[in-house]
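Hi,

Here is the structure I said I would pass on.

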Amino acid sequence: MTIMKTSDFDYELPQELIAQTPLADRTASRMLVVHKNTGELEHRHFSDITGYFHEGDVLVRNNTRVIPARLFGTKEETGAHVEVLLLKQEEDDVWECLVGNARTVKIDTVVSFHDGRLKAKCVGIGDKGIRKMKMIYNGIFNEILDELGNVPLPPYIREKLDDKERYQTVYAKVEGSAAAPTAGLHFTDEIFEKLKAKGVIVLDVTLHVGLGTFRPMDTENIEEHVMHSEMYQMSRETADALNLAKAEGRRIIAVGTTSVRTLESVWNRFGRFEECTGDTALFIFPGYEWHTVDCILTNFHLPKSTLIMMICSFAGKDLIFRAYREAVNERYRFFSFGDCMFITNE
């Protein structure tokens, strides 16, 4: 059996194609339509997306909301600067965090933010910069974080974001993500109204985006890669509507890779959709047996990332890499604030 390598999923991308700022109009992004059954490629704009939906289609979106999870503080003992990125709330006030210069942060180390208005005490040590930090504060934590924290934009975005809401979807509701589910950034309330008028059913799931989005692959054999777990949730209403759609043969269309991971994780767990909460470390790469998704709207992903591997698994590596070459040649905008790709089964 051929071993798939991380380097097999590399591609060349001119730096100037990495979008640094969002477009003024969310729906103005370009959209490369990929017909996975025929191999046809179409150049459209996101505002055209309603034309690819039919009555009875089910659109699944991730309603997570990004928290201002990036904090800059100093060690109380030495005054050394420490950067802390909140990844996942574990219990009470204990958070799993990614810590810069983590080797200096040991058990009982206290990091102070903004003259002590918020403190974080290390209570657990993980690998590759992971620490468990207990938050110490007076008042309401979310209000303090909103005031002191920073939006954790990806490292390839160097421009300042003038409007923090542009790194949130218009339907962001459940706070807890360290990064935005960026495929959803293209939608507006008006687009959803048009879809609902066509008889499209719009459903929400929740997956709080964590370290899996940030951390690069560090193994050449992709099967040795271990995904970081992320919390997901599915309501009874969503589960029932999805089960009915499956039973009636109607299409399930996922907005972004995080919605995909939620849908597939629930199905792998129960063999159907169920009301549930859990943690998933699902890693989807070519050879994966798909169960739930008929079409995917997604952004263009980083080379050698787990996300591009998922998309290659869904539509085939040759087709996806041909689509990416076409997008580069046509000067599409890439990554979080960039253009999008709609992979359809029609």
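Predicted model: local features only at pLDDT ≥ 70, side-chain atom pairs only at ≥ 80, totals over all residues.

Residues are numbered from 1 along each chain as its sequence is written, and side-chain values use heavy atoms, with hydrogens and water left out. Helices (H or I, at least four residues) and strands (E, at least two) are DSSP runs, numbered from the N terminus.

Let's start with helix 1 (residues 141–148). Its buried residues are Phe-141, Ile-144, Leu-145 and Leu-148; buried means under 20% relative accessible area, exposed over 50%, and partly exposed in between, with a 1.4 Å probe and protein chains only. These four cover an arc of only 100 degrees around the axis, so they sit on the same side of helix 1. The arc is taken from the directions from the helix axis to the C-beta atoms. Turned away from that buried side are the exposed Glu-143 and Glu-147. As for what the buried residues of helix 1 pack against, the partners are strand 5 (70–75), strand 6 (81–91), strand 7 (94–99), strand 9 (118–125) and strand 10 (130–137). Contact here means heavy atoms within 4.5 Å.

Helix 2 (residues 189–197) buries Ile-191, Phe-192 and Leu-195. Seen down the axis, the buried residues of helix 2 fall within an arc of 100 degrees, so they line one face. Glu-190, Glu-193, Lys-194 and Ala-197 are exposed on the other side of helix 2. The cover over its buried residues includes strand 3 (58–62) and strand 12 (201–207). Just after helix 2, look for Gly-199, which takes a positive phi of about 95 degrees.

Now the helix pairs. Helix 4 (residues 256–270) and helix 5 (residues 306–315) pack at about 65 degrees, with their axes 11 Å apart. That makes helix 4 roughly perpendicular to helix 5. On the cut-offs, angles under 35 degrees count as roughly parallel, over 145 as roughly antiparallel, 65 to 115 as roughly perpendicular and the rest as oblique. Axes are lines fitted to C-alpha atoms, for helices over the stretch in contact, and angles run from 0 to 180 degrees between N-to-C directions. Thr-257, Val-260 and Arg-261 of helix 4 meet Leu-307, Met-310 and Ile-311 of helix 5.

Helix 5 also packs on helix 6 (residues 317–329), at about 120 degrees and with the axes 7 Å apart. The two are therefore oblique to each other. Helix 5 brings Ile-308, Ile-311, Cys-312 and Ala-315 to this contact, and helix 6 brings Lys-317, Leu-319, Ile-320, Phe-321 and Tyr-324.

Last, the loops. Phe-285 lies between strand 15 (276–280) and strand 16 (295–299), and at 18% relative accessibility it counts as buried. Leaving aside neighbours within four places in sequence, Phe-285 is in contact with Met-4, Ile-222, Glu-223, Met-309 and Ser-313. Glu-223 is in a loop too, between strand 12 and strand 13 (230–234), and is partly exposed, with a relative accessible area of 43%. Glu-223 and Thr-6 are 217 residues apart in sequence and 9.4 Å apart in space, C-alpha to C-alpha.

Cheers
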